[in-house]
There are 4 protein chains.
Amino acid sequence: MIAGVIGAAGYAGAELVRLLSGHKRVKALSLGSVSLEGGRIEGIYPNFLEKVSSPLVKPEEVIAASDVIFAALPHGVGEAYAKACLEKGVHFIDLSADFRFDDDEETFKAWYGKPYVHPELRKRSVYGLPELNRERIKSLAASGPAIIGNPGCYPTGASLGMLPALAKALAAEGTVIVDSASGVTGGGREPQRSFHFPECSDSVSPYKVGAHRHVPEISRNMREMAARYSGTAPSLVFTPHLAPMNRGILSTVYIPLKKEWQAAPGGSVSAPRPPSKEIEERAGEIRSLYAAFFKDEPFVRVLPPGVMASTGRVRQSNFCDISVNMDQGGSTLVVATAIDNMVKGAAGQAVQNMNILLGFDESEGLEAVPALF
Amino acid sequence: MIAGVIGAAGYAGAELVRLLSGHKRVKALSLGSVSLEGGRIEGIYPNFLEKVSSPLVKPEEVIAASDVIFAALPHGVGEAYAKACLEKGVHFIDLSADFRFDDDEETFKAWYGKPYVHPELRKRSVYGLPELNRERIKSLAASGPAIIGNPGCYPTGASLGMLPALAKALAAEGTVIVDSASGVTGGGREPQRSFHFPECSDSVSPYKVGAHRHVPEISRNMREMAARYSGTAPSLVFTPHLAPMNRGILSTVYIPLKKEWQAAPGGSVSAPRPPSKEIEERAGEIRSLYAAFFKDEPFVRVLPPGVMASTGRVRQSNFCDISVNMDQGGSTLVVATAIDNMVKGAAGQAVQNMNILLGFDESEGLEAVPALF
Amino acid sequence: MIAGVIGAAGYAGAELVRLLSGHKRVKALSLGSVSLEGGRIEGIYPNFLEKVSSPLVKPEEVIAASDVIFAALPHGVGEAYAKACLEKGVHFIDLSADFRFDDDEETFKAWYGKPYVHPELRKRSVYGLPELNRERIKSLAASGPAIIGNPGCYPTGASLGMLPALAKALAAEGTVIVDSASGVTGGGREPQRSFHFPECSDSVSPYKVGAHRHVPEISRNMREMAARYSGTAPSLVFTPHLAPMNRGILSTVYIPLKKEWQAAPGGSVSAPRPPSKEIEERAGEIRSLYAAFFKDEPFVRVLPPGVMASTGRVRQSNFCDISVNMDQGGSTLVVATAIDNMVKGAAGQAVQNMNILLGFDESEGLEAVPALF
Amino acid sequence: MIAGVIGAAGYAGAELVRLLSGHKRVKALSLGSVSLEGGRIEGIYPNFLEKVSSPLVKPEEVIAASDVIFAALPHGVGEAYAKACLEKGVHFIDLSADFRFDDDEETFKAWYGKPYVHPELRKRSVYGLPELNRERIKSLAASGPAIIGNPGCYPTGASLGMLPALAKALAAEGTVIVDSASGVTGGGREPQRSFHFPECSDSVSPYKVGAHRHVPEISRNMREMAARYSGTAPSLVFTPHLAPMNRGILSTVYIPLKKEWQAAPGGSVSAPRPPSKEIEERAGEIRSLYAAFFKDEPFVRVLPPGVMASTGRVRQSNFCDISVNMDQGGSTLVVATAIDNMVKGAAGQAVQNMNILLGFDESEGLEAVPALF
């Protein structure tokens with residue numbers, strides 16, 4: 001099988017190349033770039049020398065040559081390629097936001113400033129968070145060529161951190177707060193002042209407070225998760241931060257608990273005490289519930305008590321690590337999730353979606369043990 | 001005037017040495033260390049060579065020689081020195097937690113596992129957050145030798161981020177969430193696996209979730225701030241994270257707003273939209289309120305719209321930078337504060353307290369322009 | 001086949017576990033630790049959760065259970081295990097220095113401060129730099145169980161940077177200078193002040209100038225390479241530096257050229273000019289010579305003109321990247337080599353040696369494309 | 001006195017602003033920018049908020065307003081400003097390379113690709129390395145307005161590392177190798193791919209091998225130093241590297257010693273041994289000679305035995321730290337120097353030059369104790 005990557009010269013595209021080059025079912029790659037057409041992937045990324053050697057061709061040539069297409073393009077430019085793929089009869093896995101909102105064009109327009117070019121394509125598209133939509137992906141693929149709206153990086157970690165809580169109706173009404181820190185690769189390959197080493201190194205800072213485009217995506221997932229399990233979705237506050245590291249997103253998710261899931265506090269509001277035994281036990285109970293919920297998921301690890309999610313421990317892997325704890329007041333669930341933003345947050349999840357679409361082993365090409373450092 | 005530092009060989013102690021060596025009113029330093037007595041400060045920290053040269057002597061000698069004493073010691077070991085200072089008639093500025101809880105020994109005991117050694121010392125102690133307690137510090141000093149309970153690093157940034165909101169009664173009942181990321185110097189000078197470069201570099205991770213000793217300190221400050229201005233304090237959820245940088249704490253503080261301070265949302269819960277004009281205006285109003293509140297504070301900068309608090313911009317300085325924004329839902333105030341954990345979060349604030357106690361210009365020794373990088 | 005790792009809890013040991021767990025010919029692992037016996041590898045390194053699960057047993061049990069043994073132990077403690085392996089009839093791949101000096105016990109003693117415990121073992125040992133000794137390794141393995149003295153991290157990059165120059169007699173008499181910078185994982189897993197994040201982050205510093213234990217190893221390799229090709233070895237000056245990164249060693253190797261290999265300078269000593277056309281051409285010639293020399297080597301990449309060796313481009317891989325240039329004076333060859341110190345500089349090279357010993361494909365288990373970041 | 005800075009919006013310019021804002025003799029600043037004219041310095045660098053507030057005006061206005069002018073501009077554009085300053089009768093301190101080569105226009109042209117615009121200005125210019133040219137600077141200033149060619153960052157550390165060896169005729173004929181690693185601020189404020197965080201973080205790499213523009217500057221300094229003390233200059237090989245840190249340059253300088261300065265080797269070439277007692281003693285002798293040479297220099301610290309030069313220990317300061325050692329062979333002096341590239345390597349040295357020109361205390365404005373981290 002030949003896998004095609006359009007936008008192969010960007011960071012997500014190049015990470016796709018790295019992962020697909022080790023995928024046993026992928027016999028060859030066809031790589032495309034709009035802006036660097038005519039170059040070679042190993043010229044742009046010399047780490048590929050002697051491992052991957054390929055010209056960068058026009059997107060049309062990639063589509064013509066390939067049995068499945070990945071697109072790692074800016075938002076709003078890939079719909080024509082999706083259309084071409086459907087017409088050719090091959091799956092299209094899109095890493096942009098174009099297919100993440102299904103038929104909710106209004107929300108897409110409000111946040112991305114563009115209308116859908118071919119709205120009808122959403123009849124053949126599905127949001128590609130396998131832990132939420134695996135069956136939908138499979139059944140869509142069963143009926144013909146499909147489009148995957150591959151999730152955003154922040155929404156992946158944030159949604160997985162909430163899924164069991166919403167599915168099992170632990171969450172009270174109110175507000176879930178997602179506070180995330182991302183590595184700098186999240187900003188892509190193009191040099192910008194914010195990502196200039198002296199400006200971002202040795203510093204942490206929030207950005208786009210209340211205004212990040214992943215707000216509507218996480219929020220939609222929350223409603224979807226709640227609805228799936230007949231609950232109501234809390235509202236969302238989301239703040240991304242830039243952290244001085246290459247890869248990884250750490251999301252700390254604060255979920256207000258329903259009365260029946262709360263535990264006796266460690267002290268009172270006016271005199272908080274360290275977590276009580278009741279809190280430790282309740283946290284353990286919820287941790288077990290999370291572990292049970294994800295027990296068949298190949299890429300979610302609910303961590304044992306005392307081990308905190310850490311981006312350094314999922315490096316280069318498709319894992320989402322989840323640690324489950326409670327605050328000392330006994331009323332808020334504090335879930336931390338760690339992903340590699342380039343793998344589970346982008347290219348790895350796209351490969352996982354390809355595996356599902358094509359009926360491969362879901363872990364094929366994604367078996368890497370997280371690097372120690 | 002001679003300033004004494006007990007515990008000068010630790011990171012906070014050495015930072016005190018650095019700051020005090022440039023303080024115009026300090027003519028000489030007397031440096032003490034329990035564990036490294038007999039050594040020299042420039043032997044332990046060669047960055048001091050040709051700038052500061054001093055033996056490390058016994059704490060008793062430091063007290064005998066000095067006109068004001070700083071103690072940067074582990075919790076629970078400095079009370080005897082505080083007592084000796086009061087008896088000698090000199091101020092004692094304590095960077096440990098021993099004097100942060102006033103007469104609430106129960107809370108101290110619950111979190112630090114030790115009783116007060118000399119409970120009566122709290123009659124002469126005050127919590128040294130100048131922005132909250134400047135007048136108390138002055139009036140205590142006016143009546144004789146005083147003890148300062150210098151604030152913890154996280155509580156400094158967290159409390160300053162909430163102070164105007166609680167003082168002006170913006171905050172609804174409910175829960176304030178403080179999500180903080182600290183540089184590794186916060187862990188002190190002793191090598192530990194968590195702070196071993198390969199373990200913490202290029203990674204972000206939470207720790208002590210719901211169980212950090214700064215929970216009761218921040219919570220106490222919240223109640224104090226609310227009470228001072230006749231309000232009620234929200235409850236607190238606090239999560240610290242370790243970030244791969246040397247200095248700095250970035251705290252993102254989520255404050256639920258009272259109805260009258262909320263703004264029309266950017267969309268609804270089920271269809272969030274980018275921040276509305278109303279939200280931008282309300283955020284601007286609250287930002288102005290913060291700026292007005294802190295306008296006479298020498299070390300608090302409320303940042304203009306569009307500039308986010310960033311630890312990299314307060315490096316080596318005593319500033320606390322504050323950025324004020326709202327979430328897209330219009331109901332949560334999202335305040336970010338940045339401090340240098342070693343300066344405003346420890347040694348700089350201690351010097352600020354000395355300046356207040358001794359009637360010096362409050363900025364003396366703390367005029368450093370934040371380093372660009 | 002079962003592979004055993006003694007010293008699995010250290011960094012090199014854990015990296016062996018990571019690599020071996022993806023090796024197709026390795027059916028199971030047996031992991032041993034002297035100091036952490038009774039623990040589990042995934043307890044110590046939670047990145048292994050759901051990927052590698054194994055108790056840490058006594059070294060004797062590892063030897064009993066395994067078909068090949070790796071030892072990642074401190075210097076001077078593994079000889080008994082080597083002996084036991086020979087007696088059992090299995091290969092022993094030693095990552096310490098114990099078997100790097102063949103029968104030159106005097107040199108080992110002078111630098112490591114210990115005599116050989118079982119000197120006779122050197123009859124069955126070989127220095128495991130495949131690019132130099134592949135045939136010797138094979139022939140030793142052909143005659144029975146063998147011991148590999150797996151090269152040190154610095155000697156690997158330094159020696160590969162010189163090998164063609166010495167083999168092809170480019171080097172003049174005189175002094176070769178090797179100036180290297182290593183990532184902090186080179187210091188191992190045990191916390192030490194030098195590797196404490198605040199002490200080594202954001203800083204570069206030399207250490208053990210003129211006194212590093214890799215001096216005699218590099219020097220021995222130089223003599224060996226020269227002798228192999230009937231030349232004389234230059235003398236060696238070697239300075240290691242610590243750089244603020246996790247993985248990687250960049251070695252810049254300065255080789256004085258014989259007259260016939262020198263090129264017309266870019267200007268004179270007293271008025272140097274940018275590299276002349278002659279220098280560019282001569283550098284190109286020598287680069288081609290290097291490329292030809294290594295053309296069948298699976299893990300050496302001689303980089304094209306304009307691409308400099310960079311540790312970031314060999315991350316997580318077994319490659320040694322080599323860039324070849326000349327100084328503006330036309331008389332010094334400036335070769336830079338980049339390796340991942342944990343892979344080609346330790347565990348990866350050990351696996352490569354195993355593959356050679358056992359007649360596997362030399363790249364098996366080592367196919368990883370270098371990570372982009 | 002009013003100090004003017006042209007090019008204040010670049011990194012070196014902004015560092016000048018930071019240093020000058022704390023200089024007691026500087027009553028006001030006038031800041032200029034060609035490309036950002038009309039902006040404000042605290043808008044571009046919010047770390048300046050509430051400390052430095054100034055518009056960025058045209059260079060001509062800066063010159064008109066100021067009593068001394070600093071220019072931190074690209075090479076080849078500042079000569080007209082220098083001329084205007086001489087005409088106005090004020091000193092001009094130039095951080096570009098335009099005035100570093102005195103009347104050797106040929107060398108400047110060969111490396112910078114441009115002729116001198118006003119060659120005659122070199123009659124009033126001097127190379128501003130105070131440790132070499134202090135008296136020349138003073139005597140030039142005594143005769144009227146002067147131009148300072150402020151040294152490059154690498155040449156500062158490299159030259160100071162060699163000065164005593166050349167002055168005292170320790171160096172043999174042959175080649176001095178300077179191997180340097182610089183922090184990323186050395187690349188300036190404009191975003192470029194090489195300085196994009198994901199490309200340079202966690203990696204070390206050489207660049208411009210044999211071709212860096214600082215080659216002729218270091219080489220000229222070597223000849224000057226040798227000539228000054230009637231010696232002959234060795235030739236130079238210089239390789240710069242990029243290291244993942246913000247500030248600092250570590251230069252390791254390899255100086256071949258004359259026979260009479262060599263020491264009995266630690267072993268032979270073919271069997272090197274750890275440094276012999278003779279080597280330790282000789283290194284100590286040369287270290288003392290370095291210390292004596294620099295004993296009146298306010299900004300050079302020759303480190304005690306066992307302490308290595310480290311960029312982390314000169315951070316934010318104008319110090320050049322020097323450690324002196326020998327190789328195990330007894331024939332090469334290995335000197336390491338550490339500077340903060342933005343201070344002693346640029347803005348701090350420029351302020352030092354201003355102090356000399358204007359007869360101020362040479363340390364005024366440069367008293368900062370190096371930051372601990």
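This is a predicted model: local features need pLDDT of at least 70, side-chain atom pairs count only at pLDDT 80 or more; totals for chains, interfaces and linings use all residues.
Biologist: How do you know that the same surface serves both copies?

Modeller: Of the contact residues of chain B, 100% recur in chain A.

Biologist: Why is C:L132 called buried?

Modeller: Buried means under 20% relative accessible area. C:L132 has 8% relative accessibility, so it counts as buried. C:L132 is part of helix α6 of chain C, residues 130-142.

Biologist: What is C:L132 in contact with, leaving aside its neighbours within four places in sequence?

Modeller: Its contacts are C:L163, C:E224, C:M225 and C:R228. A contact needs heavy atoms within 4.5 Å.

Biologist: Why are B:D102 and B:A169 called partly exposed?

Modeller: Partly exposed is the class between buried, under 20%, and exposed, over 50%. B:D102 has a relative accessible area of 26%, so it is partly exposed. For B:A169 the value is 30%, and therefore B:A169 is partly exposed too.

Biologist: What is the phi of each of these residues, B:D102 and B:A169?

Modeller: Phi is near 50 degrees in B:D102, a positive value in a residue other than glycine. B:A169 is not a glycine either, and its phi is positive at about 55 degrees. B:D102 sits in the loop between β5 (91-94) and α5 (105-112) of chain B, while B:A169 sits in the loop between α7 (153-167) and β8 (175-182) of that chain.

Biologist: What makes β3 and β6 of chain B edge strands?

Modeller: Chain B has an open sheet of 7 strands with parallel pairing, in the order β3-β2-β1-β4-β5-β7-β6. Strands β3 (56-57) and β6 (125-127) each pair on one side only.

Biologist: How do you know that β1 and β2 of chain B pair?

Modeller: Pairing requires at least two bridges between the strands. Strand β1 (residues 2-6) and strand β2 (residues 28-32) of chain B have 5 bridges in the parallel sense, so they meet that cut-off. B:V5, for example, has B:L31 in β2(B) as its bridge partner.

Biologist: Which strands does helix α1 of chain B lie across?

Modeller: Helix α1 (residues 11-20) lies across β1, β2 and β4 (68-71) of chain B, at about 165 degrees to β1(B).

Note on methods: Residues are numbered from 1 along each chain as its sequence is written. Chains are lettered from A and ligands numbered from 1 in the order in which they are written. Side-chain values use heavy atoms; hydrogens and water are left out. Helices (H or I, at least four residues) and strands (E, at least two) are DSSP runs, numbered from the N terminus. Buried means under 20% relative accessible area, exposed over 50%, partly exposed in between (1.4 Å probe, protein chains only). Axes are lines fitted to C-alpha atoms, for helices over the stretch in contact, and angles run from 0 to 180 degrees between N-to-C directions.
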